[in-house]
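Dear colleague,

Please find the structure we discussed below, together with its sequence. My notes on what was found follow directly after it.

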Amino acid sequence: MEVGAAPPPFWAGGPAPGQTKLGSGPGKPGSGPVRGGSGCGRSPMVTGTSVLGLKFRGGVMLAADTVGSYGSLARFRGVSRLLKVNDSTVLGASGDLADFQHLRQLLEQMVIDEELLGDGHSYSPRALHSWLTRVLYSRRSKINPLWNTVLIAGVYGGHSFLGYVDMLGVAYEAPSLATGFGAYLAQPLLRAALERDRDRDRDQDQLPTREEARELLERCLRVLYYRDARSFNRYEVAVVTEKGVELEGPLTLEANWDIAHAV
Amino acid sequence: AYIANRVTDKLTPVHDRIFCCRSGSAADTQAVADAVAYQLAFHSVELEEPPRVRTAARLFQQSCYRYREELSAGIIVAGWDPRRGGQVYVVPMGGLLLRQPFAVGGSGSSYIYGFLDATFQPGMSRSQCQEFVARALALAMVRDGSSGGVIRLAAITEEGVERTVLAGSDLPWGDGGPPA
């Protein structure tokens, strides 16, 4: 390659280094798009806030509120951000809800195609997590991300799974997870509970019971309702066990405002 | 800021019993609506029956999501089909698709969310709906500098579409809204 020649493209169909107009990142919704063409920084429009995930004895559960925010406006108050992928997996998404719908279409088609194979196999939660990581990382590498942070929860082959993938393709697993604001407010509460369980003299499971986990998630959602300005008091919960997926909701949180009288 | 057209018709038919309400860039929404109207016409000939409102909404969503970077379009799709009767779908900026009992969009909508939340009842009659919509629009038109002019209503039923215009003294509180 001669000196001064433009570098070859990263890969087929990808952006050429230095040739991509990087967007200024997320702008205010309604400010209108100015940039055009593929491979530019997009801004999320209608967004969902935290998703919480927690393993318990016998399975995993996810929780998320049901609001789609348009900036600071709680515009759509009946949106479901939890998706049942198949009988062993659920997915919860925060971030841009149009991108979540796109992901949902992709996943639903994948599950249908797999059913049609008729070989008795279905995607495991771990496989879906891996696939999602590749998809999201691929999109980020083309500077055209799907603006979502996603939790995948499921039970497969007797083992429970809880994983996280974000719009950069960062992926990890843990017994408790939270996206968005939840990472700051809920995760410490979830971890404290898990550590308490680990310290107690219990069976090797070291996980809360289903009821304890359910209560804990609700408590976390309440804290988030108090402290996250983009949250809402209506929520859904998805519980996955060996028996399958149960979707609860929409339910309403009761908030305690007693301290108002102390001020 | 100059008002290019003070009597714009933002209610655009995309099929016999399916309309869209356009907000955002007029050029963008007209272009997308034209494309969807074409696709629906083709689709309904193939189907040999009136297209579903949901299909029309999905077509809007496909364009609005794919070209989300280039478009400034907030669209509400509403109509009647034999399968599910009257339906309202919203495709806001970004290209999300959602079905709702009622929907609002555009800059003026910010000012009436409170009114809508307090006043909407499910199961309203046709005339109650028309009054609800007219009052909501009138309130938005008073407060939003980017809104105004006339109110255009289109009532879509199995029998057909009935279009009305409320102008000047026809508006719920007359020209100028509720007393200051």
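What distance separates the centres of domain 1 of chain B and domain 2 of chain B, taken over C-alpha atoms? The separation is 21 Å. Please bear in mind throughout that this is a predicted model.

The two domains of chain B

Chain B is divided into domain 1, residues 10-103, and domain 2, residues 106-179. Their contact takes 10 residues from domain 1 of chain B and 13 residues from domain 2 of chain B. About 1,000 Å² of area is buried between these two domains, and carbon and sulfur atoms give 73% of that area. On the domain 1 side, the residues that lose the most area to domain 2 of chain B are B:Leu11, B:Arg17 and B:Phe102. Together these three account for 51% of what that side buries. The count of salt bridges between domain 1 of chain B and domain 2 of chain B is zero.

The interface between the chains

How many residues of chain B are in contact with chain A? There are 21, and they meet 25 residues of chain A. The area buried between chain B and chain A is about 1,800 Å², with 53% of it given by carbon and sulfur atoms. Between the two chains the count is three salt bridges. A:Asp96 forms a salt bridge with B:Arg68, in which the closest N and O atoms are 3.0 Å apart.

The second largest pocket

The second largest pocket has a volume of about 470 Å³. Its lining consists of 18 residues, and those closest to its centre are A:Arg75, A:Phe76, A:Arg77, B:Gln100 and B:Phe102. The largest share, four residues, comes from E5 of chain A. Within chain B, domain 1 and domain 2 each contribute at least three residues to the lining of the second largest pocket. By class, that lining has 11 nonpolar, two polar and five charged residues.

The cavity in the model

Rolling a probe the size of a water molecule over the atoms shows where empty space is left. Counting cavities of 30 Å³ or more gives one. The largest cavity has a volume of about 70 Å³. Residues that line the largest cavity include A:Thr49, A:Ser50, A:Asp65, A:Arg81, A:Tyr225, A:Asp228 and A:Phe232. Strand E3 (59-65) and helix H4 (210-227) of chain A are the elements that give two or more residues to this lining. Helix H4 of chain A gives the most, with three residues. By class, the lining of the largest cavity has six nonpolar, three polar and three charged residues.

Two points in the backbone of chain A

Most residues other than glycine have a negative phi, and most peptide bonds are trans. Two places in chain A may be read against that background. The peptide bond from A:Gly249 to A:Pro250 is cis, with omega near 0°, and A:Pro250 is found in strand E13, residues 244-252, of chain A. A:Ile143, a residue other than glycine, has a positive phi, near 50°. A:Ile143 is placed in the loop between helix H2 (125-141) and strand E8 (148-156) of chain A.

With kind regards

Definitions and conventions: Residues numbered from 1 in each chain as written. Chains lettered and ligands numbered in written order. Predicted model: local features only at pLDDT ≥ 70, side-chain atom pairs only at ≥ 80, totals over all residues. Heavy atoms only, no water. 1 Å grid on protein atoms, 1.4 Å probe; cavity = no way out; pocket = protein on both sides within 12 Å on 5 of 7 lines; lining within 4 Å. Points joined across faces, edges and corners; volume = space filled by probe spheres on them. Nonpolar A, V, L, I, M, F, W, Y, C, P; charged D, E, K, R; others polar. Domains from an automatic or database assignment. Contact = heavy atoms within 4.5 Å. Buried area = accessible area lost by both parts, 1.4 Å probe. Salt bridge = Lys/Arg side-chain N within 4 Å of Asp/Glu carboxyl O.
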